[in-house]
Amino acid sequence: MNDLLEIRWHGRGGQGAVTAAKILAESALLDGKFIQAFPEYGPERAGAPVRSYTRISSSPIYIHSQVTDPKIVVVLDPTLLEVTDVTEGLPEDGTIIINTNESPRDLRSRVNIKARKIFTVSATDIAIKELKRNIPNTPMIAALLKVTGLLDIEMVMKNFKEKYSKKFNAEIIEGNLRAMKTAFESVKSE
Amino acid sequence: MSIMANYHALTGNEAVAYAMKQIAPDVVAAYPITPQTSLMQKFSDFVADGDVDTEMILVESEHSAMSACVGAAASGVRTMTATAANGLALMWEIVYIAASSRLPIVMPVVNRALSAPINIHCDHSDAMGARDSGWIQLWSENAQEAYDNTIQAVKIAEDPDVRLPVMVNLDGFVISHGMENVDIYDDKKVKSFIGEYKPLVNLLDLKHPVTIGPLDLQDYYFEHKRQQAEGMMHAQKAIDKVGKEFGASFGREYDIVEGYKLEDADFVIIGLGSTMGTLRMVIDEARKSGMKAGFLKLRVFRPFPKEIVRKHLKGKKAVAVLDRSDSFNAVSGPLYSEITSALYGVADIPVVNYIYGLGGRDTSVSMLHRVVKDTYDISKSGKCDNILNYLGVR
């Protein structure tokens, strides 16, 4: 259990934070890992702040309590920075990946994030270009993969295509795949 | 664990729905209630897609769902439903009728708090309230166990010496909506494991007419209740047998209870469900700091395995019992009462009770550390000054 990785996703209802937690977990499972993915259920409504979690480990995961100190935080909506403490429990050597057009440096000074590694990506712009809607979950997965090297992006894209082709039409699938590719190549570091 | 596991990323509800698809009951009658809804939704998908030929009866309440199940099971077909919390409460009257009519219905219960105030999250109040209804109760620690228990439940319920309905309990949201690795078995192997259903009675068999559930007053009601108790007494043997056969077929053997670092433990934590997973880590930590802790997880709460509990607790210096429901104004929580009853006159061990996690309150590693540390102190002092404790309440 020493290599247990815990990830917290922040989004707003409708942006796909819960699905993001699951897509990453499904791909990690295909990579031979043990996984958990679960949402933090509150009053569910579009636009309300939502949290979800992914756990990944090379050995079976037994813990069933909430994630309190994730190593990685992914923020799907920059407006959450003003209403919720997205760094809660994130250790000083933790990583935070934020969907915003700002650079990590500008963001750090504006919202006053101390320590931690900050990365940013314009996932909303990418999603609106490729999907015509602000559902930035798949580009944020791609950004996370770029930053962490956790899984091979090609494998995750292939899995997404196979798993979700039943649920979504080809246009949406292809749009998501392009969004992931663009996001993967445009993550900004400090 | 099997070496060639066929892992799928599934939520507990999806895993149980998959088990239902493989079981392919003749009849499923159901009404949706959170957190059971996604289970039945998934199963309905299988029916609608033609993956399973179950006759799905959509009813207008849980009272009707269980009534339809009773009718179907009495007509001699394999029958299932699923519910949670207030849904189980609304079924109440018929839940008893299913058990006393000796109908082998299988019902996953996605454990959730009872209202009021309204709360959709996990605790065990629903199933604990039904503990005297005459249903067998299996409990699951994770999605895999929920899947495995559902398959085994069919065989346990239909055992000719048992003939009783079975509840398969899984913690609401924690297991039902949490995605985990689930090893899914081959359809044909599951089918052959549960076998063909041979009903004992069949209302539609006109050559051998029977009456089920008639008026039964002072003359024979008592004898029929005694027979019902006999069925429950046989259940433990059947559960044990099915657990072993399951191991032989699928590589995961199941016992009535599961011990973790139990044998050489000085003191023992007892509980049910998903929190026991978290407790494994806490016990590992405790061992590192020299506290000889272990746990006893009950997979079966009804019939209550009193002899097994006695055997495992004999010689231990202290016991803590975790109850995820309250039994207002009783001595303590329901599991505590069972454990102390089992120990009465057999072993003089201090036993402490923790009511925890009501309405989905997260049971953190640090809370469980406190339980372990307090129980360690009791094992050293031999004294338990405060039996009833509320863990993590503000």
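Predicted model: local features only at pLDDT ≥ 70, side-chain atom pairs only at ≥ 80, totals over all residues.
Local features need pLDDT of at least 70 and side-chain atom pairs count only at pLDDT 80 or more, whereas totals for chains, interfaces and linings use all residues. Residues are numbered from 1 along each chain as its sequence is written, chains are lettered from A in the order in which they are written, and side-chain values use heavy atoms, with hydrogens and water left out.

Let me start with chain B, where the assignment, which is an automatic or database one, gives domain 1 (7–250) and domain 2 (257–391). Between these domains, 27 residues of domain 1 of chain B are in contact (heavy atoms within 4.5 Å) with 27 residues of domain 2 of chain B.

Across that interface the rule finds 4 salt bridges, a salt bridge being a side-chain nitrogen of Lys or Arg within 4 Å of a carboxyl oxygen of Asp or Glu. The side chains of B:Glu141 and B:Lys297 form a salt bridge at 2.8 Å, N to O, and both residues belong to a network of salt bridges that also links B:Glu145, B:Glu258 and B:Arg280.

Turning to chain A, the side chains of A:Arg12 and A:Asp77 meet in a salt bridge at 3.9 Å, N to O. A:Arg12 lies in strand S1 (residues 5–12) of chain A and A:Asp77 in the loop between strand S4 (72–75) and helix H2 (80–83), so the pair ties together parts that are 65 residues apart in sequence; helices (H or I, at least four residues) and strands (E, at least two) are DSSP runs, numbered from the N terminus.
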